[in-house]
Amino acid sequence: MTLSLFDEPPPRYEAPQPIAQGAVLLRGFALDQGEALLQAAQQVIAAAPLRHLMTPGGRAMSVGMTNCGALGWVSDRTGYRYSNTDPLSGQPWPAMPACLLDLAKRAAAEAGFGHFNPDACLINRYQPGARLSLHQDRDESDLSAPIVSVSLGLPAVFLFGGLQRGDRSARYGLAHGDVAVWGGASRLAFHGVAPLADGEHPVLGRQRINLTFRRAG
Ligand code: MD3
Ligand code: FE
């Protein structure tokens with residue numbers, strides 16, 4: 001029998017893969033809902049457009065961002081914070097679509113974090129070349145809650161470091177449908193995303209969208 005690429009079963013979710021204390025990869029966990037998640041994200045983006053936020057240092061971020069949920073992460077010359085309104089419109093952020101909230105809760109539970117109730121979902125849009133330099137997520141008031149991240153579209157190289165900026169970082173490929181959960185001892189780990197390589201995703205084209213769910217308030 002000849003085995004060709006075309007005979008391989010399509011990728012699907014199998015099992016949680018622990019990568020560090022409190023950090024779990026759920027490869028393919030969102031695959032069967034990719035279309036619904038994308039539609040929900042597009043609805044949010046239509047109401048609260050992606051924008052390149054200014055860092056406190058005065059540079060525009062290469063990643064386009066927006067939010068849904070009660071709180072949204074924003075950055076400007078005065079610093080980083082969560083806001084209950086979109087600074088572009090002065091209006092509350094769009095509500096978190098039920099399919100997004102549901103996926104985040106199920107992923108957290110699958111990774112061993114029950115009772116996750118996110119009030120913020122940051123939507124990151126990467127075009128080729130966009131990157132996120134090494135940082136910690138520490139603007140949330142409840143650091144005992146994990147962060148759930150969902151990757152859609154082009155694959156990215158995710159950098160996962162330690163609790164000190166100088167710690168060596170490991171690299172993980174994150175593909176369409178992959179979900180990661182970061183809590184416990186990994187909650188304050190430094191992390192980032194390498195510049196996005198160009199490519200064409202069958203559904204999303206030349207971009208990657210990442211959704212991160214947080215308990216911010
Ligand atoms: C590890 N986003 O929005 S998600 C961010 O792919 C962010 O857009 C990246 O980092 C992205 O802040 C990575 C994965 C992630 C999110 C939060 C973490 C990994 C984390 C918090 C602690 C440790
Ligand atoms: Fe982060």
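**Labels and the values behind them**

Analyst: Start with the lining of the largest pocket: by class it has 18 nonpolar, 12 polar and 10 charged residues. Keep in mind that this is a predicted model.

User: What makes a residue part of the lining of the largest pocket, and which lie nearest its centre?

Analyst: A lining residue has an atom within 4 Å of a pocket point. The largest pocket has 40 such residues. Met-61, Leu-132, Ser-133, His-135 and Asp-137 lie nearest its centre. The volume of this pocket is about 890 Å³.

User: Which strands supply at least two residues of that lining?

Analyst: They are β5 (79-83), β6, β7 (132-135), β8 (147-153), β9 (156-160), β12 (191-193) and β13 (208-214).

User: How do you know which atoms coordinate the iron ion (ligand 2)?

Analyst: A donor is an N, O or S atom within 2.8 Å of this metal. His-135 (NE2), Asp-137 (OD) and His-191 (NE2) coordinate the iron ion at 2.0 to 2.2 Å. Those distances fall inside the cut-off, so the three residues count as donors. Water is not among the atoms, so the site may look incomplete. Along the chain, the donors follow the spacing H-x1-D-x53-H.

User: Why is His-135 called partly exposed?

Analyst: Buried means under 20% relative accessible area, and exposed means over 50%. His-135 has 22% relative accessibility. That value falls in between, so His-135 counts as partly exposed.

User: And Asp-137, buried or exposed?

Analyst: Asp-137 is at 9% relative accessibility. The limit for buried is under 20%, so Asp-137 counts as buried.

User: What about Leu-132: buried or exposed?

Analyst: Leu-132, in strand β7, has 14% relative accessibility. That is under 20%, so the label is buried.

User: Which residues does Leu-132 touch, and how do you know?

Analyst: Contact means heavy atoms within 4.5 Å. Leaving aside residues up to four places away in sequence, Leu-132 touches Met-61, Val-63, Met-65, Tyr-126, Gly-192 and Val-193.

User: Why is β8 called largely enclosed?

Analyst: Count its buried residues. Seven of the seven residues of β8 are buried, so the rest of the structure largely encloses this strand.

User: How do you know which strands pair with β8?

Analyst: Two strands pair if there are at least two bridges between them. β8 and β11 (residues 179-182) have four bridges, and β8 and β13 have six. Both counts meet the limit, so both are pairs. Each pairing is antiparallel. In β11, Ile-147 has Trp-182 as its bridge partner, and Val-150 has Val-179. In β13, Phe-213 stands opposite Val-148.

User: What makes both faces of β11 covered?

Analyst: Look at each side. Val-179 and Val-181 are buried on one, and Ala-180 and Trp-182 are buried on the other.

User: Which residues cover the two faces of β2 (residues 23-26)?

Analyst: On one side they are Ala-23 and Leu-25, and on the other Val-24 and Leu-26. These residues are all buried.

User: How do you know what β2 pairs with?

Analyst: Three bridges join β2 to β1, and four join β2 to β11. At least two are needed, so each counts as a pair. Both run antiparallel. Gln-17 stands opposite Leu-25 in β2, while Ala-23 stands opposite Trp-182 in β11. In the hairpin of β1 and β2, two residues lie between the strands, and Gly-22 takes a positive phi near 85°.

User: What makes the phi of His-115 worth a mention?

Analyst: Its phi is near 60°, a positive value in a residue other than glycine. Most residues other than glycine have a negative phi. His-115 is in the loop between α2 (98-110) and β6 (120-126). At 86% relative accessibility it passes the 50% limit, so His-115 counts as exposed.

User: Last one: why is Arg-12 called exposed?

Analyst: Arg-12 has a relative accessible area of 62%, which is over 50%, so the label is exposed. Arg-12 is in the segment before β1 (17-20). Beyond four places away in sequence, Arg-12 touches Arg-27 and Leu-31.

How values were computed. Residues numbered from 1 in each chain as written. Chains lettered and ligands numbered in written order. Predicted model: local features only at pLDDT ≥ 70, side-chain atom pairs only at ≥ 80, totals over all residues. Heavy atoms only, no water. Donors = N, O, S within 2.8 Å, 3.2 Å for Na, K, Ca; no water. Buried < 20%, exposed > 50% of the residue type's maximum accessible area, 1.4 Å probe, protein only. 1 Å grid on protein atoms, 1.4 Å probe; cavity = no way out; pocket = protein on both sides within 12 Å on 5 of 7 lines; lining within 4 Å. Points joined across faces, edges and corners; volume = space filled by probe spheres on them. Nonpolar A, V, L, I, M, F, W, Y, C, P; charged D, E, K, R; others polar.
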